[in-house]
Amino acid sequence: MGARKRLYVKELNLINFRNYSRFHTDFNSKYNIIYGKNAQGKTNILEAIFLCSSGRSHRTKKDAELIKFEENSYYVKLKVNRDHTENEIEFFCSKTEGKKIKINSIPVKKNVELMGKLNTVMFSPEDLSIIKGSPSERRRFIDIAISQIKPSYFYNLQRYKKILAERNYLLKDIGKNSKFKSSLEIWNESLADTGSKIIKERKSFIENLNEIVKSKHKELTAENETLNIQYQPSVKIDSNWNLNEIKDAFLKSLEEYFDREIKNSNTLIGPQRDDISIFVNGNDVKLYGSQGQQRTVVLSIKLSEVEIVQSLTGELPVLLLDDVFSELDEKRQQYLIENIKGMQVFITTTEKELVKFYENTSEISLYEIENGKIVNTIK
Ligand code: ATP
Ligand code: MG
């Protein structure tokens with residue numbers, strides 16, 4: 001693929017993070033295998049890296065859950081290398097003060113400034129919820145994916161959430177007293193303005209994803225399965241509409257829904273109600289897919305995400321593979337390995353034999369974890 005920018009996590013420090021009192025190591029710029037028995041702290045390391053990448057855990061919304069039991073705060077410091085420049089990302093979170101972020105020692109106010117500093121794609125057992133879970137899980141997946149490649153998208157999402165909350169308060173007030181109705185127009189305007197930007201980005205991301213995922217999935221299933229991913233926006237739109245047309249449709253639907261919204265004191269249309277449908281050979285994989293089929297779909301989606309990140313940012317993301325290999329048959333393991341060449345990869349596993357896949361051992365470091373400590377390192 002020629003010369004391209006190289007992105008890799010160089011170093012990680014943890015203090016009172018999950019089951020780690022203190023943890024410090026540097027990493028291989030290629031493969032890092034994090035090996036150990038169950039419940040020793042392997043996933044916790046990937047979680048810390050993912051936190052520095054996206055500002056949140058992949059497992060919980062509650063920041064305080066990451067603080068070590070019996071402690072009051074955690075600290076995470078990560079050094080990331082990109083084209084010979086180094087960036088330092090720091091997280092501090094205390095039960096009383098909440099979460100604070102610094103980039104190169106400078107405090108940043110919002111997660112949004114973090115976006116794009118360290119792109120990661122995580123494969124984890126939780127990913128099955130993209131298929132099996134509620135629409136909110138699918139929205140979460142696309143939101144995280146788009147935010148990494150488009151920081152303005154993340155900004156708009158935050159803004160939209162605030163407008164939505166304000167508008168819902170107002171709907172409640174109007175229900176009690178119709179004199180408040182006059183202020184609704186201005187909130188409709190902001191909601192549709194920001195909302196239409198989100199809809200447009202989601203639409204183009206999902207269309208892009210669908211193109212790529214089709215061919216990945218064909219390869220993974222020896223041409224047996226056709227995967228098709230479709231955006232199901234709550235505001236009905238035509239495929240060739242521009243931003244203004246989407247916004248107009250949004251405003252129109254708000255008018256149509258007015259009575260029902262007052263009754264419910266809740267905004268009933270908009271990106272907060274979007275979903276995506278995933279079909280294999282024309283059937284909804286959530287309803288009809290086998291466990292193995294569902295896993296393979298997730299794998300195809302994630303590998304496509306890697307490709308999208310690369311094509312839009314010009315660099316490969318860092319891959320975080322949590323317990324992935326044990327769930328795949330040998331052919332799919334091989335396919336995955338073929339597809340992750342050139343990236344920095346973190347792999348958690350309970351089986352040491354995984355090393356056999358890699359011939360050039362200087363590209364692999366192995367870290368053995370026991371009860372929140374590195375007990376053995378092979379570099
Ligand atoms: P598996 O192979 O089963 O996936 P793992 O090595 O990935 O295991 P982790 O999920 O990284 O395990 O870590 C789990 C351990 O961390 C558990 O022992 C759990 O009790 C502990 N743990 C989780 N949160 C905290 C916390 N806030 N404080 C202290 N320990 C915690
Ligand atoms: Mg784990």
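Select helix 3 to begin: this helix is mostly covered, with 11 of its 15 residues buried. Buried stands for under 20% relative accessible area, exposed for over 50%, and partly exposed for what falls in between (1.4 Å probe, protein chains only). Helices (H or I, at least four residues) and strands (E, at least two) are DSSP runs, numbered from the N terminus.

The model is predicted: local features need pLDDT of at least 70 and side-chain atom pairs count only at pLDDT 80 or more, while totals for chains, interfaces and linings use all residues. Residues are numbered from 1 along each chain as its sequence is written, and side-chain values use heavy atoms, with hydrogens and water left out.

Stay on helix 3 and colour its buried residues, among them R138, F141, I144 and I149. From first C-alpha to last, the helix reaches 22 Å, close to the 21 Å expected at 1.5 Å a residue; the expected span is 1.5 Å times one less than the number of residues.

Next, show the largest pocket. A pocket is an open set of points on a 1 Å grid over the protein atoms alone, with protein on both sides within 12 Å along at least five of seven lines; lining residues have an atom within 4 Å of a point. Its lining has 39 residues, and R56, S136, R140, F141 and I144 lie nearest the centre. Elements giving two or more residues to this lining include strand 8 (120-123), helix 4 (151-176) and helix 8 (291-313). Helix 3 gives the most, nine residues.

Now select R82, in strand 4 (residues 73-82). Is R82 buried or exposed? R82 is buried, because its relative accessible area is 17%. Leaving aside residues up to four places away in sequence, R82 touches R6, L7, G116, K117 and E315, where contact means heavy atoms within 4.5 Å. At G116, the backbone oxygen lies 3.1 Å from a polar atom of the R82 side chain.

Most residues other than glycine have a negative phi. E223, in the loop between helix 5 (184-220) and strand 9 (227-232), has a positive phi near 70°. At 55% relative accessibility, E223 counts as exposed. Then go to N281, in the loop between strand 10 (275-280) and strand 11 (283-284). Phi of N281 is also positive, near 45°, and at 44% relative accessibility N281 counts as partly exposed.

Notes
Chains lettered and ligands numbered in written order. Polar contact = N/O pair within 3.5 Å; in protein donor to acceptor, adjacent residues only side chain to side chain. 1 Å grid on protein atoms, 1.4 Å probe; cavity = no way out; pocket = protein on both sides within 12 Å on 5 of 7 lines; lining within 4 Å.
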